Amino acid sequence: MQRWWLFTVRGVFAVLFGLAALVWPGLTLIALIILWGAYAFFDGAMTLYLTLTHKEWPARWALGLIGVLGLVTGLVALFLPGITANALLLLIAAWALVTGVLQIVDAIRLRKVMTNEWFYVVTGALTVLLGLILIVNPAASALAFVITIGVFAILWGVVLVLFSLRLRQLSGGSARHAQRV
């Protein structure tokens, strides 16, 4: 695989994010909530603007509803960050479960063209484990959640870098194998 280094970049950024989350857990949580709240509010405002200015839009009511939901959820995120943190936790748990399972499935498919694909299986398993922890223990504090995300990001990043090194070795092999990955 000629773009093995993209996995390295992803891994390095995951490690950096994880370290930042561990060093500044409160700041990380606040930053996530504020950024998402600002985005949701802005997106809602732009969608409402589209609703009001594009009278020919086939389903204006749906577009308007999306805009209102964006405004409301953005304001909730900015003014009630605790509720937003809980919702974010559930969203990340769902993401982790789906992403982890898909990574494991992808790794199984890679067995046909490479060895030591277990690095990718480990990233999938870690991701599924994160999702399960977040679902099983929803009463965990938001700061503990950020610390968990930080540790997960570091582990995941290290495994991605190791996987990228395996891909790099594979890319040095025959062109036939590189095309199949």
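**Helix packing and a buried leucine**

Biologist: In this predicted model, are α2 and α3 roughly parallel or roughly antiparallel to each other?
Modeller: The axes of helix α2 (residues 25-53) and helix α3 (residues 60-79) cross at roughly 155°. Angles over 145 degrees count as roughly antiparallel. The relation of α2 and α3 is therefore roughly antiparallel.

Biologist: How is the contact of α2 with α3 divided into nonpolar, polar and charged residues?
Modeller: The two axes come within 7 Å, and the crossing of α2 and α3 is left-handed. Residues of this contact divide into 17 nonpolar, 9 polar and 1 charged.

Biologist: What is the distance between the end C-alpha atoms of helix α4, and what should its residues span?
Modeller: Helix α4 (residues 81-110) has 30 residues. At 1.5 Å a residue they should span 44 Å. The model agrees with this, the end C-alpha atoms being 41 Å apart.

Biologist: Does Leu134 count as buried or exposed?
Modeller: Leu134 lies in helix α5 (residues 118-136). Its relative accessibility is 5%, and the cut-off for burial is under 20%. Leu134 therefore counts as buried.

Biologist: Which residues is Leu134 in contact with, leaving aside its neighbours within four places in sequence?
Modeller: Leu134 and Ala94 are 40 residues apart in sequence, yet 9.1 Å apart in space, C-alpha to C-alpha. Among the buried residues of α4 are Leu89, Ile92 and Ala93. Those three are also contacts of Leu134.

Conventions
Residues numbered from 1 in each chain as written. Predicted model: local features only at pLDDT ≥ 70, side-chain atom pairs only at ≥ 80, totals over all residues. Heavy atoms only, no water. Axes fitted to C-alpha atoms, helices over the stretch in contact; angles between N-to-C directions. Helix = DSSP H or I, 4+ residues; strand = E, 2+ residues; numbered from the N terminus. Parallel < 35°, antiparallel > 145°, perpendicular 65-115°, else oblique. Left-handed = near helix turned anticlockwise from the far one by under 90°. Nonpolar A, V, L, I, M, F, W, Y, C, P; charged D, E, K, R; others polar. Buried < 20%, exposed > 50% of the residue type's maximum accessible area, 1.4 Å probe, protein only. Contact = heavy atoms within 4.5 Å. Expected span 1.5 Å × (residues − 1).
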